[in-house]
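Colleague: Put the model up, please, and then take me through some of its contacts.

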Amino acid sequence: MVLWLSLFFLFAPFQEIRDALTVGACQLASELAEKALKEEPDNTSLLTLSVETFSECERIDEMVARWKKLEELDQEKALDPFLLEAMAWGVIRKGSRDSALPLRLLSLLAAALSKDFRGVHLVEEAMDHPNSMIRSVAYQVSGQMGDDCLKDKIIKRLAEEKESEARLSLIRSLGTLRIKEKEPFLIQVVENSSSRQEERESAFEALLALHERPKRREVEELLKSPRSLHRAVGSRLALHLNPAPPLSLFLPLLEDPSRRVILEAARTIGLLYAHDPKLPDIIQGLKKRPEGEARVASLWMATLRNAATPEDWLPFLNHPNLKVSLYSAALLNTAGEKSLPIRKALLEKTTEPFVQLNLSLGLLNDVEDQNKLLSLLSSLFDKAQPLWNVGEQGGVSYIAPQRGEALPALVTTKDLDTVARLEFLNEIAPFAPAFAEEKLKGFLTHRRPEIGLLATSLLIKEGSEEMLQQVEELLEDPSFPHRVEAALLLSLWRRDDEGVQILQEHYPQGDRHEKEILLQGIARLGSPKQAPFLIGCFKEPFPMLRVFAAFALVGCLNN
């Protein structure tokens, strides 16, 4: 009986605290935890429960104080991943309820990008928020999570969302979440002449995403579909099949009433059937089409057969519509050795800087005198204006000036510029490593690689081995600022213990904005070893820094 009573009094406070938390009585749970700790201040199990309690109640200062005490007594318990995650989520939840819009948005991003089940409720809740920007971000990040409840919520919001930019994010999410049952809705958006151009393009890309990893039968049915949009989607998806479908399926599409179908079919024929004996007749037919892109496709096919000249291409590279010029230059680069003499000649005949830039990128490995090309590329890269962007058309990408494109929420023009310049350096590094290293140093000195959380998840691609090697070498640079910026840049691509130590070392010297950037880098580079440092950041006076630190902690635990 005495033993039973001893156990009862020992575990009673624990059960009372847990019962209070279960019914949402945070104030009572906190008071019970405080009372129990006064009686047993060194009880590590009680300290652990009190950390969880203060996290759940969003009392961050008390949570950190109890954790510090626990760390002194039992480091293993203090560094338990489940306890550390609970602490981080206490900070994130508190930020998500703040009245300041930037803090709510940051907390929402942290919840989603951490890919933790606890973030699902916050994202779902944000889809009903009265602020359209919060809703837009919630739609975008839902694709990073993929939970069924978010898919159901997206479908429900389709009938309710009226704000144009938020609706654009909603349409994109149908593709990223692979919500197949909404394919008729996407078709309606594309085919409706009253839909905005951005909505039509986003709906088309979402349709392509719905048919990712297509089966041969599915593609052939799409190509024969009575719906023009299905025929266009089938033409693009055919590029993923090996062996390719028969050419006979595409030939009728070159006379299709739909301009989109003609262009998609022409690009696919050029890529898949460059050496087919029927190609000369196809080229002649496309040349007569009124659509500029169809004529460019015919010229590209002719180039693959050594049947085109620089003079044939020049009108398209000097086209009054810069998008046509850049697409033409990028498409010409994809023709490889067959287009080499044409590209060399055209570089001397075109004056548009971005056309020259894209042609030069395709020539770096194929000219005897690289210095002239590098001088041209250097002058273009060193100009801060116009801001750069990575454009894409029909599966062909190119570097372009920004022209007021619609941006996803929380992705800035500076984000796009930074990503495009990193892509440029990535392309150059294998062919001109010394030049790339010089430009990389200048980039780190004058335009630090700071990219927003959402832009990082949506836009950043894997770095080339040559680029990564150069960044790693800069971690040993005598200039400490260079080492910091190199560590930040490396964090965009992979985890690195040396890099994260550099960022931690620099953190106390940074201002508030710099600390935000450093914490993002630590989130990507770090490991659970960074937990004590990041929990120390929960004491920062700025709520934004505390949420960045919580996001970093979840990221480090997941790395």
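**Salt bridges and burial**

Modeller: Glutamate 58 counts as buried, because its relative accessibility is 17%. Buried means under 20% relative accessible area, exposed over 50%, and partly exposed in between (1.4 Å probe, protein chains only).

Colleague: Before we go on, what sort of model is this?

Modeller: It is a predicted model, in which local features need pLDDT of at least 70 and side-chain atom pairs count only at pLDDT 80 or more, while totals for chains, interfaces and linings use all residues. Residues are numbered from 1 along each chain as its sequence is written, and side-chain values use heavy atoms, with hydrogens and water left out.

Colleague: Back to glutamate 58, then. Which residue forms a salt bridge with glutamate 58?

Modeller: Arginine 97 does, with the closest N and O atoms 3.0 Å apart. Arginine 97 sits in the loop between helix 6 (81-96) and helix 7 (101-113), and glutamate 58 in the loop between helix 3 (44-56) and helix 4 (60-73), so the pair ties together parts that are 39 residues apart in sequence. The rule for a salt bridge is a side-chain nitrogen of Lys or Arg within 4 Å of a carboxyl oxygen of Asp or Glu. Helices here are DSSP runs (H or I, at least four residues; strands are E, at least two), numbered from the N terminus.

Colleague: And arginine 97, how accessible is that?

Modeller: Arginine 97 has 46% relative accessibility, so it counts as partly exposed.

Colleague: How many salt bridges does the rule give?

Modeller: The count comes to 30 salt bridges.

Colleague: What does aspartate 128 pair with?

Modeller: Aspartate 128 meets lysine 153 in a salt bridge, at 2.3 Å from N to O. Aspartate 128 is in the loop between helix 8 (118-126) and helix 9 (132-142) and lysine 153 is in helix 10, so this pair links distant parts of the chain, 25 residues apart. Lysine 153 is buried, because its relative accessibility is 11%, whereas aspartate 128 is partly exposed at 41%.

Colleague: Which residues are linked in a network with that pair?

Modeller: The salt-bridge network takes in Asp128, Arg135, Lys153, Lys156, Arg157, Glu160 and Glu161.

Colleague: Helix 10 keeps coming up. At what angle do helix 10 and helix 11 pack?

Modeller: Helix 10 (residues 148-158) packs against helix 11 (residues 164-176) at about 135 degrees, with the axes 10 Å apart. Axes are lines fitted to C-alpha atoms, for helices over the stretch in contact, and angles run from 0 to 180 degrees between N-to-C directions. The two helices are therefore oblique to each other; under 35 degrees would be roughly parallel, over 145 roughly antiparallel, 65 to 115 roughly perpendicular, and the rest is oblique.

Colleague: Which residues meet there?

Modeller: From helix 10, Ile154, Arg157 and Leu158 meet Arg167, Leu170, Ser173 and Leu174 from helix 11 (contact means heavy atoms within 4.5 Å). By class, that contact has 4 nonpolar, 1 polar and 2 charged residues. Nonpolar covers Ala, Val, Leu, Ile, Met, Phe, Trp, Tyr, Cys and Pro, charged covers Asp, Glu, Lys and Arg, and polar covers the others, Gly among them.

Colleague: New topic. Is lysine 515 buried or exposed?

Modeller: Lysine 515 is buried, because its relative accessible area is 15%. Lysine 515 belongs to helix 30 (residues 512-525). Not counting residues up to four places away in sequence, lysine 515 touches Tyr507, Pro508, Gly510, Glu540 and Leu545.

Colleague: Last one: where is asparagine 306?

Modeller: Asparagine 306 is in the loop between helix 18 (292-304) and helix 19 (310-317). With a relative accessible area of 56%, asparagine 306 is exposed. The C-alpha atoms of asparagine 306 and serine 339 are separated by 8.1 Å, and the two residues are 33 residues apart along the chain.
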